[in-house]
Amino acid sequence: MNGFRRTLSALVRTPQGAIGLLLCLLLLALTLFGPELAPRDPEKFHFTARFAAPSAEFPLGTDWYGRDLLSRVLAGSRSTILLALLATFIGTVAGAAIGIVSGFLGGRADEIMMRLNDALMAIPSLLFALLILSVLGSSSINAVVAIGIAFTPGMARIARSVTLQAREFDYVSAAKARGEGTAWIILAELLPNVISPVIVEATIRVAFAVMTLATLSFLGLGAQPPSPEWGLMIAEGRDHMFRSPWPILVPGVAIALVAISFNLLGDGLRDALNPQASS
Amino acid sequence: MSLGFLLKRLSSLVVTALIVSVIVFGITQLLPANAATMILGEYATEDALATLNARLGLDQPAWVQYWHWFSGVLHGDFGISLRTGQAVGPTILSAFGNSAILALFALLLVSLVSIPLGVLAAAKRGRPADMGVSLLSYLGVSLPEFVLATLLLAWLASPAIGLFPASGYVPFSEDWLRALHHIALPVLTLTIVLTAHVSRMVRSEMVDTLESDFVRAARLRGLSRKRVLYRHALPNSLLPAITVIALDIGYLIGGVIVVEEVFSFPGVGRQLILAIQNRDLPMLQAGALLMAVTYAVANLLADLAYGVLDKRIQFE
């Protein structure tokens with residue numbers, strides 16, 4: 001826990017880290033309680049107040065059915081932020097597992113795994129996610145799986161390169177000499193040393209996951225109507241964009257805000273965990 | 001740069017292309033709907049399905065089908081689109097040409113804008129100019145292409161302002177002025193997002209260079225700030241900038257897909273999305289393969305440019 005506290009205090013000492021941490025905690029609270037905080041029913045039509053600009057009654061305006069945009073964005077925070085976290089988690093765990101095992105085994109097995117990995121990395125990640133979705137079919141949860149799989153090769157590469165360094169340390173040789181099992185060495189000796197670069201990378205990836213998830217929904221391959229997912233809200237708002245900018249502006253700003261928060265937190269974490277880079 | 005290095009990189013490009021083709025083909029094989037079912041509809045008789053399957057070669061083992069497809073691709077034959085019934089090759093190649101126009105214009109503008117911005121930010125480190133560039137690039141990095149594209153569209157192409165057409169495409173051979181007018185908004189979107197990425201990287205490379213020993217030595221020799229910046233630091237930061245731009249071609253390809261969809265621009269990205277929505281296998285395979293190979297070739301070109309420009313690098 002001492003290491004955690006040290007990282008935290010180093011984190012809040014960098015401006016990006018402090019702002020990023022604060023914003024991310026706020027967003028997380030919003031995700032957990034957002035739907036309950038929504039002042040109105042996000043699905044309720046108000047036909048007398050269609051395309052309303054922000055006012056006391058509708059703080060962020062309304063859409064083409066007169067639905068309250070603030071309530072819709074709050075309701076959609078779960079399907080955007082939580083699912084993006086889930087996608088990142090899938091990619092991180094799968095990638096770290098592949099990378100650590102490959103780096104630990106070394107030799108022929110490592111070479112074959114990394115060759116395949118490089119070939120997968122040669123496909124641009126949005127294209128990769130699109131290909132996976134074409135097999136799985138369009139839905140929110142399939143989009144999450146697709147992003148998770150598309151993130152895996154990049155994460156595996158990072159985890160492997162850190163493992164290669166950690167493998168050379170004396171305590172790993174000592175554990176081998178003591179006759180510890182492979183699983184034990186990987187979990188108890190290697191994982192704690194590999195985890196911090198992986199966490200930094202994962203934090204930066206969250207921003208990317210939020211943007212990709214929204215992009216897939218925008219393209220009609222993720223969340224389906226009438227979900228208040230932010231990318232989908234923008235896709236639907238396009239039909240009415242020349243009548244009122246609010247239905248696209250509000251979810252657009254929400255996506256950018258989430259991405260900025262996680263980018264700041266990721267940069268702050270990188271500086272906190274790697275003091276040389278922050279100078 | 002030695003011939004051996006060139007051959008090695010070229011052969012690794014071929015291997016990558018082969019593996020990618022297997023992945024693309026493999027993924028489309030997993031699709032639930034069979035092509036014969038797609039063509040004949042779900043009420044087709046067993047006999048009709050079997051006949052068509054045999055005619056399309058779909059009753060053969062997967063590797064035979066792969067070989068048929070792949071040898072066709074090598075001859076420029078990408079099959080017949082299940083959606084339109086026309087040959088995929090000419091459609092996808094003309095779409096590729098359109099996409100390439102978007103991408104090349106964006107790359108050119110990004111190089112012209114992001115390198116000076118990054119250098120400026122690094123030279124004025126910690127001062128308002130640096131803060132401004134950093135803030136803008138943070139914003140750009142955090143704004144997905146589809147959001148920026150839609151906002152630009154809603155603003156600049158609205159009936160009230162009407163600066164640009166909202167969608168469509170005019171070939172350059174027909175009327176280059178109108179062609180430029182039509183690609184302006186998509187290119188602007190791509191340029192803004194990519195500039196944000198690249199100028200951040202150029203800044204951090206430049207900051208590292210400015211702190212290196214040889215720059216300090218140049219300062220100690222009494223050379224002017226300007227001379228040190230432009231003659232010593234800048235050339236050394238340009239090399240990493242090339243790599244950064246090349247790495248961002250992956251983003252650019254993703255961006256092109258999205259931007260084409262927003263502006264209804266007839267490029268590979270639009271064909272790809274249409275193919276996914278309609279489960280048009282041959283078009284999907286061709287589009288995905290073309291994009292993946294373009295990405296691999298771009299990375300190869302960046303490596304070669306690096307080797308030509310940096311005399312110190314000795315590739316084995």
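**Where chain B meets chain A**

Trainee: How many residue pairs are in polar contact across the interface of chain B and chain A?

Mentor: Six, with both residues at pLDDT 80 or more. A polar contact is a pair of N or O atoms within 3.5 Å; within protein, one must be able to donate a hydrogen and the other to accept it, and residues adjacent in sequence count only if both atoms are side-chain atoms.

Mentor: Mind that this is a predicted model, where local features need pLDDT of at least 70, side-chain atom pairs count only at pLDDT 80 or more, and totals for chains, interfaces and linings use all residues. Residues are numbered from 1 along each chain as its sequence is written, chains are lettered from A and ligands numbered from 1 in the order in which they are written, and side-chain values use heavy atoms, leaving out hydrogens and water.

Trainee: What makes Arg200(B) and Asp267(A) a salt bridge?

Mentor: Their side chains come to 2.6 Å, N to O. The rule wants a side-chain nitrogen of Lys or Arg within 4 Å of a carboxyl oxygen of Asp or Glu, so the pair qualifies. The count between the two chains is one.

Trainee: What is the 3600 Å² between chain B and chain A?

Mentor: That's roughly what the two chains bury, 80% of it on carbon and sulfur atoms. It's called buried area because it is the accessible area (1.4 Å probe) that two parts lose on being put together, summed over both.

Trainee: How many residues does each chain put into the contact?

Mentor: Chain B gives 45 and chain A gives 39, with contact meaning heavy atoms within 4.5 Å.
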